[in-house]
Amino acid sequence: VSLGVRYSNLGENGLSNDAFSKAFQLRDHVSDRERFRIESTYYMYVLGDLEKARQTFDLYSQAYPRESRPWLNRGIISIAYGHYKDSVRETSEAMRIDPDSAVSYGNLAEDYTFANQLDKAKVAFDEASSKKLVSSDVLRGRYGLAFLQNDTATMTKAVGEASQVSAAQDMLLSTASDTESYYGRLSKARDLSRAAVGFALREDRKETAALWQVNSAWREAEFGNSAQARKDVASARALAPTHDVEVTATVALARAGDYAAAQKLADELTRKYPSDTVLNSYWIPVARASILSHSKPDEALQVLEVTTPLELGQVQPQTQVGALLYPVYVRAEALVAAHRAGDAAREYQKIIDSRAVVQNCPLGSLAQLGLARAYAMSGDTVKAKASYQEFLNLWKDADPDIPILKEAKAEYGKVQ
């Protein structure tokens, strides 16, 4: 299990799951305490069965109340469901038991951020820094908080400090690429993503590199560069066709309009991982709904019903500091296609109102454009103009050749 954790900390979840699976096979030869650790880890990360994992963590914490791990992992499960106050409570208990854990500090600070308790998040990050408890996740979380506070100096500092922390430099470069994407500066985003992929490859962390590559593919698809998105997905899958890469690739292909490839991958993943909560209740419905949203919007909306418990959560695999909120975004698209403008506007507004959860995810700024389109469809010219202006202001320094930006400008001209 310890080997699996080390691989996980490096972003190599395929290798970590291999180690967790091996430990699970040998669990009858260990102590009761170690068996709890092995089984709970296996259920959570290999099978992806969050409810089975939660039940095991509950038993684990009851049997060994001085262990911080079950509390820490229950907190991670809570944020998958968007239960951020519960996660604060659970992670706080983990830190009470083990007050010198960089993981606990980083998780608690991020929990506070997601719960929109930014002052408490800053205190937690500052305490971690004063205790020299620095990790890649702590740096990324501090970057996300700084983004919300428009603190560019701290964002730059976090990227600079990443070179001193194991497996952090590529993570922070990819995080910075998301910020550039949020503002439509796609050329800069591509450069940062290439650098992130390169750093990971130089350290022979192929799965990590592939995830940064597919993260780039997502935004290319959302910005209207479908061919580039498919190219990035192919590169990622060639590097490491692991569970996490295939899951993210499925959504990227669906968003890029390669429906046949996305459908094939979705079917394969569903068959291979029938117990994976997040896969079957978040990612696969998002992919399938993306395929259906324009031609059969009512069917897309039905497919997305299962995602409701997870739609505001921070789900794995997570390549960004904030949540994608993809179920909400795709639902809004389907509602537009179904000519339900008012309902679509409420979904886009849900993303905009969840800024502490979304952070620098590019869907946060694109939701503003979606809101403008929904208002325009409903005939509310005043609100449509205001939302278009908000989006165009966010993208005032954007690369001018991005397809979705060209569309936005043309649409804005028609509502003048």
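**Exercise 1.** Is Glu93 buried, partly exposed or exposed, and what is its relative accessible area? Then describe the pairing of Glu93 with Arg96.

*Solution.* The structure is a predicted model.
Step 1. Glu93 has a relative accessible area of 22%. Buried means under 20% and exposed means over 50%, so Glu93 counts as partly exposed.
Step 2. For Arg96 the relative accessible area is 56%, and this residue is exposed.
Step 3. A salt bridge joins the side chains of Glu93 and Arg96, with 2.6 Å from N to O.
Step 4. Both residues belong to helix α6 (residues 84–97); because they are three residues apart, about one helical turn separates them.

**Exercise 2.** Find which residue forms a salt bridge with Asp191, and state where the two residues lie.

*Solution.* Step 1. The partner of Asp191 is Arg194, and their closest N and O atoms are 2.5 Å apart.
Step 1. Helix α12 (residues 186–202) holds both Asp191 and Arg194, three residues apart, or about one turn of the helix.
Step 2. Asp191 is partly exposed at 45% relative accessible area, while Arg194 is exposed at 53%.

**Exercise 3.** Explain what the salt bridge between Arg373 and Glu411 ties together.

*Solution.* Step 1. The closest N and O atoms of Arg373 and Glu411 are 2.9 Å apart.
Step 3. The whole structure has 31 salt bridges. Elsewhere, Glu311, Arg331, Glu347 and Lys350 are linked in a salt-bridge network.

**Exercise 4.** Describe how helix α8 packs against helix α9.

*Solution.* Step 1. Two packed helices are described by the angle and the distance between their axes.
Step 1. For α8 (residues 118–130) and α9 (residues 136–148), the angle is about 145° and the axes are 11 Å apart. The crossing is left-handed.
Step 2. On the α8 side, the contact residues are Leu118, Ala121, Lys122, Phe125 and Ser129; on the α9 side, they are Val138, Gly141, Arg142, Leu145 and Leu148.
Step 3. Sorted by class, the contact has six nonpolar, two polar and two charged residues.

**Exercise 5.** Name the residues that touch the most other members of the largest nonpolar core.

Step 1. Helix α17 (residues 277–292) gives the most to the core, with ten residues.
Step 2. Setting aside neighbours within four places in sequence, Tyr326 is in contact with residues including Trp218, Tyr282, Trp283 and Leu363.

How values were computed:
Residues are numbered from 1 along each chain as its sequence is written. This is a predicted model: local features need pLDDT of at least 70, side-chain atom pairs count only at pLDDT 80 or more; totals for chains, interfaces and linings use all residues. Side-chain values use heavy atoms; hydrogens and water are left out. Axes are lines fitted to C-alpha atoms, for helices over the stretch in contact, and angles run from 0 to 180 degrees between N-to-C directions. Helices (H or I, at least four residues) and strands (E, at least two) are DSSP runs, numbered from the N terminus. A crossing is left-handed if the near helix is turned anticlockwise from the far one by less than a right angle, and right-handed if clockwise. Contact means heavy atoms within 4.5 Å. Ala, Val, Leu, Ile, Met, Phe, Trp, Tyr, Cys and Pro count as nonpolar, Asp, Glu, Lys and Arg as charged, and the others, Gly among them, as polar. A nonpolar core is a set of buried Ala, Val, Leu, Ile, Met, Phe, Trp, Tyr and Cys residues joined through side-chain atoms within 4.5 Å. Buried means under 20% relative accessible area, exposed over 50%, partly exposed in between (1.4 Å probe, protein chains only). A salt bridge is a side-chain nitrogen of Lys or Arg within 4 Å of a carboxyl oxygen of Asp or Glu.
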